[in-house]
Amino acid sequence: MIPFRVGFGYDVHPLRENIPFALGGLIIPHEKGALGHSDADTLIHALCDALLGAANLGDIGIHFPDTSPEYKGIDSKILLQKTMAMVRKQG
Ligand SMILES: [Zn+2]
């Protein structure tokens with residue numbers, strides 16, 4: 001039997017006019033975008049949460065808090081890279 005782990009992630013951000021709509025690392029042309037501390041890419045945030053959960057590393061809010069200026073406006077692809085580094089380190 002091949003060992004495997006399962007993680008679950010979801011994410012929600014409000015939509016607002018005149019901000020970029022980041023989804024899955026792309027900017028989707030739309031009159032509204034997701035509002036958040038980072039670029040509010042819900043797909044990547046949910047993926048990070050699933051990966052962290054599968055590795056028993058908590059959730060995205062623990063590692064990348066929305067109170068930290070370090071993550072203000074950050075590209076979520078960077079959060080995904082950091083998440084993958086943590087998951088690999090965890091084994
Ligand atoms: Zn989010």
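Predicted model: local features only at pLDDT ≥ 70, side-chain atom pairs only at ≥ 80, totals over all residues.
Local features need pLDDT of at least 70, side-chain atom pairs count only at pLDDT 80 or more, and totals for chains, interfaces and linings use all residues. Residues are numbered from 1 along each chain as its sequence is written, and side-chain values use heavy atoms, leaving out hydrogens and water.

**View 1. A nonpolar patch on the surface, formed by L23, L26, I28 and L43.** Together these residues have about 330 Å² of accessible area (Shrake-Rupley method, 1.4 Å probe, with only the protein chains shown as cover). Patch members have over 30% relative accessible area and no salt bridge, and nonpolar side chains are joined within 5 Å. I28 lies in strand β3, residues 26-28 (a strand is a DSSP run of E, at least two residues). With a relative accessible area of 31%, I28 is partly exposed (between buried, under 20%, and exposed, over 50%).

**View 2. The salt bridge between D75 and K77.** Their closest N and O atoms are 2.9 Å apart (the rule asks for a Lys or Arg side-chain nitrogen within 4 Å of an Asp or Glu carboxyl oxygen). The count by this rule is one salt bridge. D75 is partly exposed at 28% relative accessibility, and K77 is partly exposed at 37%.

**View 3. The largest pocket, with a volume of about 220 Å³.** Of its 13 lining residues, H13, H37, H45, F64 and D66 are the closest to its centre. A pocket is an open set of points on a 1 Å grid where a 1.4 Å probe fits, with protein on both sides within 12 Å along at least five of seven lines; lining residues have an atom within 4 Å of a point.

Definitions and conventions: Patch = residues over 30% accessible without salt bridge, like charges linked within 9 Å, V, L, I, M, F, W, Y side chains within 5 Å. Helix = DSSP H or I, 4+ residues; strand = E, 2+ residues; numbered from the N terminus. Buried < 20%, exposed > 50% of the residue type's maximum accessible area, 1.4 Å probe, protein only. Points joined across faces, edges and corners; volume = space filled by probe spheres on them.
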